[in-house]
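Please look over the sequence and the structure before reading on.

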Amino acid sequence: MENSLLVNALVYLLAAVIAVPIAKRLGLGAVLGYLLAGMAIGPWGLRLIDRVEDILHFSEFGVVLLLFLIGLELDPKRLWSMRKPIFGWGGAQVGAVSALLFCAGLLLGLDWRAALIAALGLSLSSTAIALATLDERNLMKTPVGSAGFAILLFQDVAAIPMIAIVPLLGGTGASGGGWMGAVKVISVIAALIVGGRFLIRPVMRIIAKTDMREIFTAFALMLVIAIGLLMQMVGMSMALGTFMAGVLLADSEYRHALESDLEPFKGLLLGLFFIAVGMSVDFGVFLAQPFTILGLVLLFLALKTGTLYALARTFAIPRPQQSVFAFLLSQGGEFAFVVFGAAATAEIFSKEVGSILVVVVALSMVVTPLLLLADDHLIAPLFRNRNKRPDDHIEAQENHVIIAGFGRFGQIVGRLLNANQIALTVLDHDPDQIDLLRTFGFKVFYGDVTRTDLLHAAGAAKAQALVVAIDDIEDSLALVDAVRRAFPDLPIMARARNVSHYYDLMDRGVTVLERETFEAALQLGRQVLHTLGFGAYRARQAAMKFRAHNIASLLAVYPYYKDQERRVSMAKQARDELSEMFARDAEVLGRERPQGWD
C-alpha cells in the first residue's frame, strides 16, 4: 500500500488514544495502556501491524530523547556528586541480581555461558518504563527516584561491556574491537565533550538569531539523532551518548528551549516504544509452552524483586517506599533484547531459548504496572496503618477554638488567635508535622479529626468555633459532615481550596469561607497596578472593587453551579460587567491622575 506509513501512524495513534485513557481511568497507568494497545494491534492481536522489529528499533529514539532530556537536568558537578550511588548502588544491583540469576540458570540446566549472558541481560531494567513511571507518579525527586535513576544510569553504562563480551564467549571474537575500537570510543567521547562546549552552543546561537522556532526544533532533533547514530557506529549505547551530550548542555542558556522543543517528540516516541514492546510479545512461543514461560516469569520476578527489596534496605530508601523501588526495577530492560539477539547470533544459546527469554522480558514489562498497582492498594496501606500512632490524649477546654489542620494556612490563623489570648486546641494527622511544631512550642495533638469521639475529646461541644484548615478536600468535607451531625450548633469557619470546594462547603451550611490563594493573589495584583502607575489609593480601590464583585458573582452563581452551561454563561456575564465597571471608573478618574497616598 502506497500510504502504508500514514496508515500505520493512524493505527498507532488510534490505539494509543483509545487504550491509554481507558487504562488511566481504570487506574492502570499510561505505560500499561500503551503495552496493551501494542498487543491488540500486533501480530497476535488484530494483526493491523507487522514488521515489529523495525518499529521497535525506530521507537528506541524515545528512550534516547528521554536520556538526553534527563541529561539536560544534570550539570557535570551534580553528576559527579552522584558517582557513589551510580557506581556503588548500580554496581551492587547488577552484581547481586546477575549472581543470583546465574545460579538459577545453572540449576535449570543451562550451559554456564548461556546462564551468564541470560543473567546479565535480565539484570538490566527498563529505563523507559521506570523513568516514565517515576515521572507519572511525581517520584523523581524522592529517594526512590534518586536511587532508581542512579541504578538505571549504571545499567546503561554496564550494557556496553555486556554486549561486547557476547562474541568473545561465543568464540567468534570481536568483530572490530581491540585497541582500534577503544580508540574510536575515546575519540567519539572527546569529540562530544569538545563539540558540546565549543561548537554546538555557537551553532545554536546562530540558529536562535534567525527567530525561526521550527528551525531550532529541527536542529535539536538532528543533534540528538546524529549523536545517537555516532555512538551506535562505535558500538556504544545511543541513550548513553545522548545523555552525555545533555549533561554537557545542562548549563547552556538554550537548555529550556531544547527541553520544550523535544518534550512532545519524547512523549510520542516513548509511547510508540511501549506499543512496539507490546507487539513484540510472541504469543506463539507462549502458547507452545505457557506453563514453562509463566513459571520462568514468576521465578525471574521473584528473584529480582526480592534482591532489589533487600538492597533497598541498604540504600537509605524509606521503608514504605522499598516495595515501590523493588517493583519499579523488577522487569527486564530494552538492552536485554540486544544482548539476547547477539547471544543467539553468536550461538551461545539456541534461537528457541532466545525467543523464550525475549517473551519473559516482554511479559515482565507488562506485569510491572500491575505490581505497582498492587503495591498502591495492598502493601502501601499496610505501612500507613502500621505507622499510625494512637491518638493523643487531649486536655479538655472550654470557650476555645478548635483548629483542624495546622499546615501553612492553619498556622497563620493559630498564631493570630494565640497572640490575642484565644485558647486553642489544634488537631493534625501528620506525626512528623506535629513533632516539628511541638519543638517550636505549639500545643498540637495527633488524631483523625473526622472521628466523632475525637471531636468530643477535643471539647467540640463547648468550643466557640471550629476552623477547618485541612489540605485534603475530601477530608475537609468529611469533617464538616461529622460536625454537622454531632455538633449542629458549632460555628464552622473553613478554608476552601478552590471554587468547587467553596460550593461544596456552602452546600453543607458553612458561610464563613476563605479561598486560600484569593486574598494573596488580590494583594499581588494590587501591587502590580501600583507598579504600572496607578496611585496607591486607586490600586487599593480597584482591588477592593474586584474582591466585592468576585464574591457577589460567586454567590450569584451558587444556585446554578451544577448547571455547567448556566454557570459558564453567568461567569462570562460577570466578566463583562467587571470590565465595564472599571472602564467607567477610568473615564471618571482619569488614568494619568494619581489618587492619593502618593
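This is a predicted model: local features need pLDDT of at least 70, side-chain atom pairs count only at pLDDT 80 or more; totals for chains, interfaces and linings use all residues.

## How elements are named

Helices, which are runs of at least four residues that DSSP assigns as H or I, and strands, which are E runs of at least two, are numbered from the N terminus.

## The chain as a whole

The chain holds 27 helices and 6 strands, and of its 598 residues 46% are buried. When contacts between residues at least 6 apart in sequence are considered, 75% of them join residues that are at least 24 apart.

In soluble globular proteins, nonpolar side chains tend to be buried together. The largest nonpolar core in this model has 85 residues, and the members that touch the most other members are Phe274, Ile293, Phe325 and Ile348. Helix H9, covering residues 143-170, gives the most to this core, with 13 residues. Apart from this core lies another one of 39 residues, which includes Ile55, Leu65, Phe219 and Met231.

Ile293 shows what such a position looks like in detail: when residues up to four places away in sequence are not counted, Ile293 touches Val285, Phe286, Ile356, Val359, Val360 and Leu363. Helix H9 also holds Gln155, which is buried, with a relative accessible area of 1%. Leaving aside neighbours within four places in sequence, Gln155 is in contact with Gln93, Val94, Ser123, Leu124 and Ser125.

Helix H1 runs over residues 4-25, and its 22 residues reach 32 Å from the first C-alpha to the last, close to the 32 Å expected at 1.5 Å a residue. The buried residues in H1 include Val11, Tyr12, Ala15, Ala16, Ala19, Val20 and Ala23. Because these residues cover an arc of only 130 degrees around the axis, they are on the same side of H1. An α-helix has 3.6 residues a turn, so residues three or four places apart point the same way. The face of H1 that is turned away from the buried side carries exposed residues, namely Leu6, Leu10, Leu14, Val17 and Arg25.

How do the axes of H1 and helix H14 (residues 255-280) cross? They come within 11 Å and cross at roughly 90 degrees; angles of 65 to 115 degrees count as roughly perpendicular, and H1 and H14 are therefore roughly perpendicular to each other. On the side of H1, the contact is made by Tyr12, Leu13 and Ala16, and on the side of H14 by Leu268, Leu272, Ile275 and Met279.

## Helix H11

In helix H11, which covers residues 200-209, the buried residues are Ile200, Arg201, Met204 and Ile207. Seen down the axis of H11, these buried residues fall within an arc of 120 degrees, so they line one face of the helix. On the other side of H11, Ile206 and Lys209 are exposed.

## Positive phi angles in loops

Most residues other than glycine have a negative phi, and most peptide bonds are trans. Arg47, although it is not a glycine, has a positive phi of about 60 degrees. Arg47 lies in the loop between helix H2 (30-41) and helix H3 (52-59), and it is exposed, with a relative accessible area of 65%.

Gln421 is not a glycine, yet it has a positive phi of about 60 degrees. Gln421 is found in the loop between helix H20 (408-419) and strand S2 (424-428), and at 69% relative accessibility Gln421 counts as exposed.

## Two further positions in helices

When residues up to four places away in sequence are not counted, Gly105 touches Leu110 and Ala115. Gly105 and Ala118 are 13 residues apart along the chain, and 7.7 Å separates their C-alpha atoms.

Ala571 lies in helix H27, which covers residues 564-589. With a relative accessible area of 43%, Ala571 is partly exposed. Ala571 and Leu554 are 17 residues apart in sequence, while in space they are 8.8 Å apart, C-alpha to C-alpha.

Technical notes. Residues are numbered from 1 along each chain as its sequence is written. Side-chain values use heavy atoms; hydrogens and water are left out. A nonpolar core is a set of buried Ala, Val, Leu, Ile, Met, Phe, Trp, Tyr and Cys residues joined through side-chain atoms within 4.5 Å. Buried means under 20% relative accessible area, exposed over 50%, partly exposed in between (1.4 Å probe, protein chains only). Contact means heavy atoms within 4.5 Å. The expected span of a helix is 1.5 Å times one less than its number of residues. The arc is that of the directions from the helix axis to the C-beta atoms. Axes are lines fitted to C-alpha atoms, for helices over the stretch in contact, and angles run from 0 to 180 degrees between N-to-C directions. Angles under 35 degrees count as roughly parallel, over 145 as roughly antiparallel, 65 to 115 as roughly perpendicular and the rest as oblique.
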